[in-house]
Structures are given as C-alpha cells and as structure tokens.
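Hello,

Here is the structure I promised to pass on to you. Have a look at it first, and then read on for what turned up when I went through it.

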Amino acid sequence: MSTFTAFYTAWSDQLQQLLRQLCSAPKPPTTQDHLHHLNHLVNKVLSHYAEYYRVKAAAAERDVLDIFAAPWASAFEKSLHWIAGWRPTTVFHLVYTESSILFESHIVDILRGVRTGDLGDLSPTQFRRVSELQCETVKEENAITDELSEWQHSVSDLMGATTDVDKMIERLVTVVRKADDLRLRTLKRVVDLLTAQQAVEFLIAAVELQQGIREWGMNQDRECSY
C-alpha cells in the first residue's frame, strides 16, 4: 500500500465522520449559535478537502503516474475520473439536481410564499451567479483538457534520443496541479454563493455522492474478484 493510499483511506474515514456532523446539524438555523455552528462545519469540510489536495500535490511530485493509476480507487471511480479526479463541472450538476428535488418537494409552500431557505429556495441572483461560475469553470476545464491532450500527443517524442523525460513528467505534474486547483476553487466558490444552510445541504449531497460511488465501486471490485 502506497503512502498516499494509506492517507486516502484515513481521509475518507474522516470525511464520513464529517458527513455525520453535517447531517446532525440544525437546519434551518434558528439561533446565532446554530448559524455559527453551520459555518464552522462548512469550514471544517472545506479544510478537509484542502488538506487532501495538499497531500495529493506532494504525492504527485513524487510519482504522478501513481496518482493517475489511483490504486486507492475502485474501477468504477476510475471510470469517472477526469485528470486523476472528479470533473469540476460536476459540482454544478449537483447544485441544480438538489435544488430541483427540494423545490419540487416544497412547491406548495413556495406557491404560498413560504421561504424554506434550503437549496430549493435559491434566489434569482444565486442562480445567475452559479450559471456565470459554471461558464467560467467550463472554459478552464476545457483549457486543462487541451493541455493534457497536448502532453499525450507529445508522448511519441519519448522515442527520440534527445527527449527530456523528466521535463515531460514535470509537465504532467503541472496539469494535475491545475486540475486539482480548479476542483478545490470551484467547490469553495460555489459554497461562497450559498447561505450556511444551503452550503451544509450541498456538502451533504456532495459527500454522499462521493462516498456512495466509492462504496458501490468497492463492492463491485470485491464481487469481480471472486
């Protein structure tokens, strides 16, 4: 087991603990203490993700090909990867999906003018800002994809006697770093557009999706190994 694989296992277990804290948090917050608690939990989760990318960056510097191989991930998880991780634009699909589900479940209250304050109650301004951020993220995501494509096309140069392999690997490390930076920035910027309650609900959905995909994938791998 690689050092990063061991880290990821422990990190994932800690994420599950944070998920339980998010789920048990008071929603909606009815006091200032509740609001402070929600904001504290949101910051804890974001810090946990930031720690993941910090350690991953160091691991990529040591062995970026191992990061792409992702031995800690299931085959199903790897099939969903974009440059050694999740697509940043997945965040927006999650926001729209969760908002739509909650909106439909509260449609009667909303028609009566009752504000729920959850993800189903996003304001027009919030929707506009999420849409603008999505467009920006798509552009950055495409640019990084193009950069990886250029790197892949240059692999044929490896056959040349004068090829600097170390320099090519450094380029790949840079691509991974840009992808991970975009992932973390997108997560943080979406959270910044939400209220504390909405941010908690969004992070619950994000972590449940991540953990659900991991659990299903690991179960599939175990069944295939029999």
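**Overall fold**

Read from one end to the other, the chain follows the pattern α-α-α-α-α-α-α-α-α. In other words, its secondary structure comes to nine helices and zero strands. Please keep in mind that this is a predicted model. The chain has 226 residues, and 39% of them count as buried. Its exposed surface comes to about 12,500 Å², with carbon and sulfur atoms supplying 55% of that area. Of the contacts between residues at least 6 apart in sequence, 77% join residues at least 24 apart.

**The largest pocket**

Helix 9 gives the most, with five residues. Sorted by class, the lining of the largest pocket has 17 nonpolar, four polar and four charged residues.

**The second pocket, and Asp180**

The second largest pocket holds about 170 Å³ of space. Helix 2 and helix 8 are the elements that give two or more residues to its lining. Among the lining residues are Tyr53, Lys56 and Glu61, as well as Val173, Arg177, Asp180 and Leu184. Here the classes divide into seven nonpolar, no polar and five charged residues.

Leaving aside residues up to four places away in sequence, Asp180 touches Tyr53 and Lys56. Both of these partners also belong to the lining of the second largest pocket, as does Asp180 itself.

**Aromatic residues**

I also went through the aromatic rings. A pair of rings is described by the distance of the centres and the angle of the planes. The structure holds ten aromatic pairs. One of them joins Phe4 and Phe7, whose ring centres are 5.6 Å apart; their planes meet at 40°, so the pair is tilted. Phe4 and Phe7 both lie in helix 1, three residues apart, which is about one turn of the helix. Both are buried.

Trp11 and Tyr49 make an aromatic pair of the edge-to-face kind, with 5.4 Å from centre to centre and 70° between the planes. This pair links distant parts of the chain, with Trp11 in helix 1 and Tyr49 in helix 2, 38 residues apart. Are these two residues buried or exposed? Trp11 has a relative accessibility of 2% and therefore counts as buried. Tyr49 is buried as well, with a relative accessible area of 5%.

Phe4, Phe7, Trp11 and Tyr49 are members of one aromatic cluster, which also includes Tyr8, Tyr52, Tyr53 and Trp72.

**An enclosed space**

How many cavities of 30 Å³ or more does a search of the whole structure find? The search finds one. The largest cavity has a volume of about 40 Å³. Its lining is made up of Leu133, Glu136, Thr137, Glu140, Leu182, Arg185, Thr186 and Arg189. Helix 7 (124-153) and helix 8 each supply at least two of the residues in this lining. By class, they divide into two nonpolar, two polar and four charged.

**One more residue**

Finally, there is Ser99, which lies in helix 5. With a relative accessible area of 4%, Ser99 is buried. What does Ser99 touch, not counting residues up to four places away in sequence? Its contacts are Leu119, Gly120, Leu122 and Phe127.

Happy browsing, and best wishes

How values were computed:
Residues numbered from 1 in each chain as written. Predicted model: local features only at pLDDT ≥ 70, side-chain atom pairs only at ≥ 80, totals over all residues. Heavy atoms only, no water. Helix = DSSP H or I, 4+ residues; strand = E, 2+ residues; numbered from the N terminus. Buried < 20%, exposed > 50% of the residue type's maximum accessible area, 1.4 Å probe, protein only. Contact = heavy atoms within 4.5 Å. Areas by Shrake-Rupley, 256 points an atom, 1.4 Å probe, with all protein chains shown as cover. Nonpolar A, V, L, I, M, F, W, Y, C, P; charged D, E, K, R; others polar. 1 Å grid on protein atoms, 1.4 Å probe; cavity = no way out; pocket = protein on both sides within 12 Å on 5 of 7 lines; lining within 4 Å. Points joined across faces, edges and corners; volume = space filled by probe spheres on them. Phe/Tyr/Trp six-rings, centres within 6.5 Å; stacked < 30°, edge-to-face > 60°.
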